[in-house]
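Me: I would like to learn how to read a structure feature by feature, with the cut-offs stated each time. Could we begin with the aromatic rings and work outwards from there?

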Amino acid sequence: MSTSYRNNKAIEMAVENDEMLKDNNSTLGYVSGGVDSDDGGGLVCCGYILWALSMLVIICTLPFSLCLCIKVVQEYERAVIFRLGRLLSGGAKGPGLFFIVPCIDSYTKVDLRTVSFDVPPQEVLTKDSVTVAVDAVVYYRVYNAATSITNVEDANRSTRLLAATTLRNVLGTKNLSEILADREAISHQMQTSLDEATDPWGVKVERVEVKDVRLPVQLQRAMAAEAEAAREARAKVIAAEGEQKASRALKEAADVISESPTAIQLRYLQTLNTISAEKNSTIIFPLPIELFSSFTRKARGQ
């Protein structure tokens, strides 16, 4: 008795497993719209009946029914068709003409062109505890129309919200100097992060650019004062280097002049010529100390 009871129990469990597998297969066919025929699209018996009645109404009301059955999408658009709530196989339709069955079919147009939007200015606290306001611009497009409709409620709105969040997260790991100097690297990092996050939605992020970095007024003044001090320091260093080079040149010139006694006299005459050309009323003529050397020697001898 116990053996037969166990056998019956095993048979019942096997039957239940088979039924569960069948239910899973039917559920998978419902979600993916996996059908071999576009007309009958994985529909159950009631779906076939509704489809047949719709086709009968279309045939009876020809040619007026063609106005409701034939649709057109542009070159840059695709149409995602649902039949009784199920996605038809074959993906999105278009461009050009396509056929729908009224009452049981519904479709949504998806624009495949590149869309750009401005990310609102985000108040970001940088890694070195500086508050800045940063805004950016994002360029993206939909590359899979069916996925953008079935996997996310609103692909455009979701991408915009994700871009604002990603901007804050990326800039929060950077210093102020990195934000001001490495905008290209930050833009590339944001583009990579957004592209990975939006790929399951059928969205391709093509480009991200950081537009403006707004600093607090006090920080701007402090940075301006620091830059001015740095410029003054560089100017003093340059002036000191010029004085050093000039002193070396003067020393070399003095060494050359000292080798010839008449060279200093020629230099005096050149200086007088320069002063007289300016039409001055008073001319100060420097006397060389060498003229008094003979007198000083005589005085010492006496």
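Me: Are Phe117 and Tyr140 buried or exposed?

Reply: Buried means under 20% relative accessible area, exposed means over 50%, and partly exposed is what lies in between, with a 1.4 Å probe and protein chains only. On that scale Phe117 is buried, and Tyr140 is buried as well. This is a predicted model, in which local features need pLDDT of at least 70 and side-chain atom pairs count only at pLDDT 80 or more, whereas totals for chains, interfaces and linings use all residues. Residues are numbered from 1 along each chain as its sequence is written, and side-chain values use heavy atoms, with hydrogens and water left out.

Me: How many aromatic pairs are there by the ring rule?

Reply: Rings of Phe, Tyr and Trp (its six-membered ring) pair if their centres lie within 6.5 Å, and planes under 30 degrees apart count as stacked, over 60 as edge-to-face and the rest as tilted. The count by this rule is 2 aromatic pairs. In one of them, the ring centres of Phe98 and Tyr107 are 5.5 Å apart and the planes stand at 75 degrees, so this pair is edge-to-face. Phe98 counts as buried because its relative accessibility is 7%, while Tyr107, with a relative accessible area of 28%, is partly exposed. Phe117 and Tyr140 also form an edge-to-face pair, at 5.7 Å centre to centre and with 70 degrees between the planes. That pair links distant parts of the chain, since Phe117 belongs to strand β6 and Tyr140 to strand β7, 23 residues apart; helices (H or I, at least four residues) and strands (E, at least two) are DSSP runs, numbered from the N terminus.

Me: Which residues touch the most other members of the largest nonpolar core?

Reply: In soluble globular proteins, nonpolar side chains tend to be buried together. A nonpolar core is a set of buried Ala, Val, Leu, Ile, Met, Phe, Trp, Tyr and Cys residues joined through side-chain atoms within 4.5 Å. The largest one here has 35 residues, of which Val119, Val132, Val134, Val138, Leu167, Leu171 and Val213 touch the most other members. Among the elements that give two or more residues to this core are β6 (115-125), β7 (131-142), α5 (155-171) and β8 (203-214). Another core, of 6 residues, lies apart from it and includes Val73, Ala79, Leu88 and Ile100.

Me: With which residues is Val138 in contact?

Reply: Contact means heavy atoms within 4.5 Å. If neighbours within four places in sequence are left aside, the contacts of Val138 include Phe117, Val119, Ala163, Leu194 and Arg207.

Me: How many salt bridges does a search of the whole structure find?

Reply: Side chains of opposite charge can pair when their charged atoms come close. A salt bridge is a side-chain nitrogen of Lys or Arg within 4 Å of a carboxyl oxygen of Asp or Glu, and the search finds 8 of them. One joins Lys204 to Asp195, with the closest N and O atoms 2.8 Å apart; Lys204 is partly exposed, at a relative accessible area of 29%, whereas Asp195 counts as buried, at 16% relative accessibility. Another joins Lys251 and Asp255 (3.4 Å, N to O), which both lie in helix α8 (residues 217-258), 4 residues apart, or about one turn of the helix. Lys251 counts as exposed, at 55% relative accessibility, and Asp255 is partly exposed, at 38%.
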